[in-house]
Amino acid sequence: MDFQSVFPVWKKLSAMQQKQILGSLILKNVKKGTLIHNGNTDCTGLLLIKSGQLRAYILSDEGREITIYRLFDMDMCLFSASCMLNSIQFEISIEAEKDSDLWVIPAEIYKNIMKESASIANYTNELMASRFSDVMWLIEQIMWKSLDKRVAAFLLEESSIEGTDKLSITHEIIANHLGTHREVITRMLRYFQSEGMVKLSRGAVIILEKEKLEKLQHA
C-alpha cells in the first residue's frame with residue numbers, strides 16, 4: 001500500500017503537484033502514547049494514517065481532557081496543520097492510542113497546493129466540515145446525555161474498535177475520553193458492575209451484558 005493509492009484526490013492533482021507532495025512526504029512511526037501535536041502553536045503537518053489509531057482531544061484550564069474524535073487507518077488529520085488555517089485557531093492535541101505509521105505532508109506544501117487546486121480545496125473544506133460535525137455531536141452528547149449513557153456508549157464503542165469484550169483500559173483513560181474525573185468514572189463503573197453489566201479487574205473492564213448497555217445508551 002502506497003500513499004498515492006489512498007490519498008483521496010491524488011488523481012486530480014497535476015503531475016507537478018504530485019511531485020511536490022511525494023518530494024516532501026515523510027513516513028513517520030510513532031509509539032503508543034506519543035504526543036504528536038500539541039495545540040495551535042505546533043504545526044506538525046497533515047497526517048494520513050497508514051496504520052494505527054490516533055486520538056484528538058482538548059484540554060481544559062483545569063487540565064481535564066476530553067476526546068473530540070478518533071482517527072483510524074486511512075483517516076486524514078487536518079487540525080495537526082491548523083497553522084495553515086489563518087482565520088481559525090484550534091487548541092487541539094493529538095496522541096497515538098496505538099503504535100502507528102503516519103504519512104506527514106508539510107503544512108506549507110499542502111497550503112500552496114490548496115491555493116492552486118480546487119480539488120484539494122474542496123476536499124479540505126469537506127474534511128473540515130466533517131470534523132466540525134464530530135465536535136457538534138460531542139457538544140450535544142455533553143449537553144443532553146447523562147454520564148451513565150455516555151459511559152455505556154463509550155464501552156460499546158471501545159468493544160467494537162478492539163473486537164473484544166475484555167477492554168484493557170483504566171478508569172483514568174475513560175475519564176480522559178469523556179472529560180470527567182476518574183473518581184466519577186469509578187463510581188459509575190461500580191454501579192454498572194452491581195447491575196451485572198460489567199466486571200471490573202485491575203486495568204480492565206469486562207463487558208458481561210451488551211444488551212443492557214445498549215438499552216441504557218438509548219434510554
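Student: How many bridges join S10 to strand S11?
Tutor: Four bridges join S10 to S11, which covers residues 204-207. The two strands run antiparallel. Keep in mind that this is a predicted model.

Student: Which residue stands opposite Val205 in S11?
Tutor: Leu200 does.

Student: What is the strand order in that sheet?
Tutor: The order is S9-S11-S10. Those three strands form an open sheet, and the pairing is antiparallel.

Student: Which strands stand at the edges?
Tutor: Strand S9 (166-167) and strand S10 (198-201) do. Each has a single partner strand, so one side of each is left without a neighbour in the sheet.

Student: Which helix lies across S10 and S11?
Tutor: Helix H7, residues 182-194. H7 runs at about 125 degrees to S10.

Student: Let's zoom out. How many helices and strands does the protein chain have?
Tutor: Eight helices and 11 strands. The C-alpha trace spans about 60 × 35 × 30 Å along its principal axes.

Student: What share of the residues count as buried?
Tutor: 46% of the 219 residues. The accessible surface of the chain comes to about 11,600 Å². Carbon and sulfur atoms account for 50% of that surface.

Student: And the charges? How many positive and negative side chains are there?
Tutor: There are 26 positive and 28 negative side chains. The centres of the two sets lie 2 Å apart.

Student: What about contacts along the chain? What percentage join residues at least 24 apart?
Tutor: 70% do, among contacts between residues at least 6 apart in sequence.

Student: Back to sheets. What is the order in the open sheet of four strands?
Tutor: S1-S8-S3-S6, with antiparallel pairing.

Student: Why is one side of S1 and of S6 left without a neighbour in the sheet?
Tutor: Strand S1 (26-30) and strand S6 (76-77) stand at the edges. Each has a single partner strand, so one side of each has no neighbour there.

Student: How many bridges are there between S3 and S6?
Tutor: Two bridges, in the antiparallel sense. Strand S3 takes in residues 46-51. Leu48 stands opposite Met76 in S6.

Student: Where do side chains point in a regular strand?
Tutor: They alternate between the two faces of the sheet.

Student: Where is Met74?
Tutor: Met74 sits in the loop between strand S5 (65-71) and S6. Its phi is near 75 degrees, a positive value in a residue other than glycine. Met74 counts as partly exposed, at 29% relative accessibility.

Student: Which strand does S5 form a hairpin with?
Tutor: With S4. Five residues lie between them. Gly63 in the turn has a positive phi of about 90 degrees.

Student: How many bridges join S4 to S5?
Tutor: Six, and the strands run antiparallel. S4 covers residues 54-59. Leu54 has Leu71 in S5 as its bridge partner.

Student: And how many bridges between S4 and S7?
Tutor: Four, in the antiparallel sense. Strand S7 is residues 93-96. Arg55 stands opposite Glu95 in S7.

Student: Which residues is Gly33 in contact with?
Tutor: Glu95 and Ala96, leaving aside neighbours within four places in sequence. Gly33 is found in the loop between S1 and strand S2 (35-38).

Student: What is the relative accessible area of Gly33?
Tutor: It is 48%, so Gly33 is partly exposed. The C-alpha atoms of Gly33 and Lys11 are separated by 34 Å. Those two residues are 22 apart along the chain.

Student: New topic. Is Ser117 buried or exposed?
Tutor: Ser117 is buried. Its relative accessible area is 7%, and the cut-off for buried is under 20%.

Student: Where is Ser117 found, in terms of helices?
Tutor: In the loop between helix H3 (107-116) and helix H4 (118-144). Ser117 touches Leu13 and Gln17, not counting residues up to four places away in sequence.

Student: Which helix does Asn112 lie in?
Tutor: Helix H3. Asn112 counts as partly exposed, at 33% relative accessibility.

Student: What separates the C-alpha atoms of Asn112 and Met84?
Tutor: They are separated by 9.7 Å. The two residues are 28 apart along the chain.

Notes: Residues are numbered from 1 along each chain as its sequence is written. This is a predicted model: local features need pLDDT of at least 70, side-chain atom pairs count only at pLDDT 80 or more; totals for chains, interfaces and linings use all residues. Side-chain values use heavy atoms; hydrogens and water are left out. Buried means under 20% relative accessible area, exposed over 50%, partly exposed in between (1.4 Å probe, protein chains only). Contact means heavy atoms within 4.5 Å. Accessible areas come from the Shrake-Rupley method with a 1.4 Å probe; for residues, only the protein chains shown count as cover. Lys and Arg count as positive and Asp and Glu as negative; His and the chain ends are not counted. The place of a charge is taken as NZ of Lys, CZ of Arg, CG of Asp or CD of Glu. Two strands pair if DSSP finds at least two bridges between them. Axes are lines fitted to C-alpha atoms, for helices over the stretch in contact, and angles run from 0 to 180 degrees between N-to-C directions.
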